[in-house]
Amino acid sequence: MRKDQKCRGITREARKMAKGLKKMAFGLVAAGLCFALLLTAAIPVCEAEPDKKVVKIGHRAVFTGGYASTTLPACQGFNDGIRDVNDRGGINGIKIELLWEDVRGVMPLAISAHRRFVGAGIIAEVAPDTVSTEALAPAQQRDEVPMLYMAGMTRLMITQPMRWVFSLLFPMESEATHFMKWAKENWTETRPPRLGLFMFDHSGGWVSLEAIRELADEMGVEFVGYEVVPAFGAIDTSVEWLRLAGKKPDWVYVVCCGASLVTSVKDFARLGLWERGIKPCSWAAGIDEFIVRATGASANGWYISKPHPSTMETELPGVNVAVELAKRYHGWGLEDMSGHYMAGIVLARITAEVIRLAIEEVGYENVTGRAVRDAVVTLKDFDTGILPYSIIGPTEDDPYFITWLRYYQVQQERIVPISERFEFDRSLDYKELGGKL
């Protein structure tokens with residue numbers, strides 16, 4: 001090969017390389033621009049108009065993940081409830097700016113969301129999952145942001161010297177105590193009813209176990225044992241159900257939610273445990289219409305402890321109000337609704353009301369998380385427009401809003417009431433019976 005041919009070959013290769021690098025550079029620039037656009041889409045900047053008054057609240061939502069089949073409707077109901085407040089003019093003309101993130105029930109995401117919300121200037125926060133609410137209770141006090149929690153109180157949510165976590169429902173331990181009392185009162189045999197506990201690996205299960213162990217004798221119930229399934233990823237619960245069934249319980253109190261509950265309900269039916277005379281009862285944070293739709297006929301016969309109405313109680317004005325909101329914002333009908341969706345709306349209206357009370361007390365310019373916290377314990381006889389009773393109001397000693405219960409059963413894939421609605425018996429509160437909340 002002549003020298004000039006060799007040089008021309010090298011030059012051609014160099015040109016090709018230069019051309020390729022140029023294309024690569026353009027590609028990198030395009031990828032960078034796409035990434036920047038994605039970031040802009042994922043983190044929208046919502047600035048209020050200069051003359052528009054707003055208050056900010058944060059919602060650590062759980063729309064996806066292992067808990068979602070339980071938490072999704074509640075979180076959606078809360079967001080819709082706040083949207084409805086704003087559509088009706090806000091809080092005396094002051095709009096609520098809702099900041100929310102899907103933390104999926106994952107602790108690091110919940111911590112990060114809390115820090116971002118605090119940095120954005122929220123005056124209240126909401127969450128549906130127990131574990132992150134317990135873990136971040138000290139942070140609520142440190143950052144002076146009250147937490148209005150969607151489910152039942154546990155002792156780890158209590159902060160000192162002042163309450164900063166207020167739950168929608170009564171203590172989980174006390175709910176288990178009320179169930180034991182109800183099961184005993186509806187028992188017709190001379191021997192005491194035999195009770196088992198089926199739970200997921202979650203604080204709600206462990207505090208319920210503690211209460212049942214300590215108080216079963218006092219409630220006239222024989223506790224035969226418990227089984228634990230994973231909080232996430234329970235794809236088969238046969239072994240746990242069969243072990244518990246081998247102890248011959250009459251009742252099983254079931255503390256599960258989300259995907260673990262769906263699996264548990266289906267396995268209970270598949271294993272033929274109804275034929276063994278075992279009756280399962282779900283806690284309040286368990287079976288609702290979403291779970292029934294996921295499990296179908298397998299849910300028939302299950303009992304449920306519920307503080308809020310089912311969609312079958314259309315004689316209640318609040319059910320129809322919730323249906324109207326679901327239709328307005330999502331095009332849903334009654335068949336798409338759930339009790340947990342209604343619970344989310346209830347909490348949204350409570351949140352708006354305590355913010356209103358705080359503004360009334362200190363003025364818009366001075367409203368803070370501490371002012372909202374102080375307003376929570378002044379809430380008295382508040383009609384949410386959804387529940388068939390008024391919110392009596394939480395106190396420093398009893399930091400929860402709802403004090404009513406009713407028992408339901410799934411019949412023909414519909415959740416129907418089977419008991420009268422009764423007020424939470426504070427004498428059966430776990431701490432009144434010797435436990436320390």
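Modeller: Let's start with Cys 256, which counts as buried because its relative accessibility is 0% (buried is under 20% relative accessible area, exposed over 50%, partly exposed in between, with a 1.4 Å probe and protein chains only). Bear in mind that this is a predicted model, in which local features need pLDDT of at least 70 and side-chain atom pairs pLDDT 80 or more, while totals for chains, interfaces and linings use all residues. Residues are numbered from 1 along each chain as written, and side-chain values use heavy atoms, without hydrogens or water.

Which cysteine sulfur comes closest to that of Cys 256? It's the one in Cys 257, but at 7.8 Å that is too far for a bond. The structure has 0 disulfides (cysteine sulfur pairs within 2.5 Å). Cys 281 is buried as well, again at 0% relative accessibility.

Glu 175 is 33 residues away along the chain, yet its C-alpha atom is 8.2 Å from that of Ser 208.

Ser 310, also buried at 0%, sits in the loop that runs between strand E10 (303-306) and helix H11 (317-330). Its side chain reaches the backbone oxygen of Ile 415 at 2.8 Å. With residues up to four places away in sequence left out, Ser 310 touches Glu 289, Val 319, Met 342, Tyr 408 and Ile 415.

Two of those names come back where helices H11 and H12 meet. The axes of H11 and H12 come within 10 Å and cross at roughly 95° (lines fitted to C-alpha atoms, for helices over the stretch in contact; angles run from 0 to 180 degrees between N-to-C directions). That makes H11 roughly perpendicular to H12. On the H11 side the contact uses Val 319, Val 321, Ala 322, Leu 325, Ala 326 and His 330, and H12 brings Tyr 341, Met 342, Ile 345 and Arg 349.

Now for the sheet. Its 5 strands are ordered E2-E1-E3-E4-E5, with parallel pairing, and the sheet is open (pairing takes at least two DSSP bridges). E2 (95-102) and E5 (165-169) are at the edges with a single partner strand each, so one side of each has no neighbour in the sheet. On average, neighbouring strands are turned by 25° against each other, direction ignored. Helix H2 (residues 68-87) packs on this sheet, touching E1, E2, E3 and strand E4 (147-152), and its direction makes about 160° with that of E2. H12, residues 339-362, packs on the sheet too: it touches E1, E2, E3, E4 and E5, at about 150° to the direction of E4.

Last stop, helix H13 (residues 369-376): 6 of its 8 residues are buried, so mostly covered. The buried ones are Gly 369, Ala 371, Val 372, Arg 373, Ala 375 and Val 376, and what covers them includes E3, E4, E5 and H12.

Conventions
Helices (H or I, at least four residues) and strands (E, at least two) are DSSP runs, numbered from the N terminus. A polar contact is a pair of N or O atoms within 3.5 Å; within protein, one must be able to donate a hydrogen and the other to accept it, and residues adjacent in sequence count only if both atoms are side-chain atoms. Contact means heavy atoms within 4.5 Å. Angles under 35 degrees count as roughly parallel, over 145 as roughly antiparallel, 65 to 115 as roughly perpendicular and the rest as oblique.
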